[in-house]
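Let's take a walk through this structure together.

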Amino acid sequence: MMPYTVYESPEELARDFAACVAAVFRDKPNGVLGTATGSSPLEVYRVLGRLVEIGAVSLKNVRTFQLDEYVGLPVGHEQSYRTFIEENLVALTDLNSANVAVPNPHLVGDPGIATLDDAAAAYDLDIKAAGGVDFQILGIGSDGHIAFNEPGTPLDSRTHVADLAPQTIADNARFFGGDQSQVPTQCITQGLGTIMEARAIGLIAMGENKAQAVYDMIHGPVSPDCPASVLQNHPDVRVYLDAGAAKLL
Ligand code: F6R
């Protein structure tokens, strides 16, 4: 069964999670970190910042690959995932912006990148060329999505262009002034097969609205109906939960 731990506070969860990330990059200072956006990893990024500050780890030579990015937001938009990673991780650590990769819909038109599909395929190749992800940070959607792999996504999918599910648009409207019509409807996302190639994975889920997805991920059949269930097949994954998210376990 997928190993999981239930924490009493988000701070305690983040401390444990960040300590695990720091250990990976103390051992491999030029390794590759897989980043996630959303609310789940925010406290982890803050703790990582403190660990860098006290010299417990350095991310100076670490490269990062973000899981996903919206399509259709202008460069520099405050809700773009590039901006999120700059503000919530780069600004708090010694990570070098030049080492931070985020799927980039704006590459379309560059030599060899005629379409969004080309941009997605190039991103998948970039991850491979960097040697693959050493540690991947994940959150989970209330519908069981990881990255933007919504229910129905093939378990062996690669980085691709996808439509956001109505549930995800509703969930994310809080970042767009509560207005669902402002949430982009498309994204570029790492595929489930891409994510599964990370050497180690830590997934964070907090809040009762994640309880069913967490239950299905851990105890349900491995099925595209709950994309996160594919993680049952990963040899090195750990799940970090609060009491709400663990409610049905
Ligand atoms: C973020 C991502 C998403 C989120 C998920 C949970 O890059 O890929 O899958 O991890 O939607 O979001 P939060 O943490 O805001 O509940």
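Let's start with the rings: there are 8 aromatic pairs here, a pair being two rings of Phe, Tyr or Trp (its six-membered ring) whose centres lie within 6.5 Å. One of them joins Tyr 81 and Phe 148, which are stacked, with 6.0 Å from centre to centre and 15 degrees between the planes. For the labels, planes under 30 degrees apart count as stacked, over 60 as edge-to-face, and the rest as tilted. This pair ties together distant parts of the chain, since Tyr 81 sits in helix H3 (residues 81-88) and Phe 148 in the loop between S6 and S7, 67 residues apart. Helices (H or I, at least four residues) and strands (E, at least two) are DSSP runs, numbered from the N terminus. Both Tyr 81 and Phe 148 are buried; buried means under 20% relative accessible area, exposed means over 50%, and partly exposed is in between (1.4 Å probe, protein chains only). Elsewhere, ring pairs connect Tyr 7, Phe 17, Phe 135 and Tyr 240 into a cluster.

A word on where this comes from: the model is predicted, so local features need pLDDT of at least 70 and side-chain atom pairs count only at pLDDT 80 or more, while totals for chains, interfaces and linings use all residues. Residues are numbered from 1 along each chain as its sequence is written, and side-chain values use heavy atoms, with hydrogens and water left out.

Now look at Ala 147, in the loop between strand S6 (135-138) and strand S7 (160-163). What is the phi of Ala 147, which is not a glycine? It is positive, at about 50 degrees. Most residues other than glycine have a negative phi. Ala 147 is also buried, because its relative accessible area is 9%.

On to the helices. Two packed helices are described by the angle between their axes and the distance between the axes. The axes of helix H1 (residues 10-27) and helix H2 (residues 42-53) come within 8 Å and cross at roughly 55 degrees. Axes here are lines fitted to C-alpha atoms, for helices over the stretch in contact, with angles running from 0 to 180 degrees between N-to-C directions. So H1 and H2 are oblique to each other: angles under 35 degrees count as roughly parallel, over 145 as roughly antiparallel, 65 to 115 as roughly perpendicular, and the rest as oblique.

From Glu 12 to Glu 78 is 66 residues along the chain, and their C-alpha atoms are separated by 29 Å. Val 57, in the loop between H2 and strand S3 (63-66), is buried at 6%. Its C-alpha is 9.8 Å from that of Thr 93, 36 residues apart in sequence. Further along, Pro 221 lies in the loop between helix H7 (211-219) and strand S10 (237-242), and Pro 221 is exposed because its relative accessible area is 65%.

What about the cysteines? The structure holds 0 disulfides, a disulfide being a pair of cysteine sulfur atoms within 2.5 Å. Cys 187 is buried at 0% relative accessibility, whereas Cys 20 is partly exposed at 29%.
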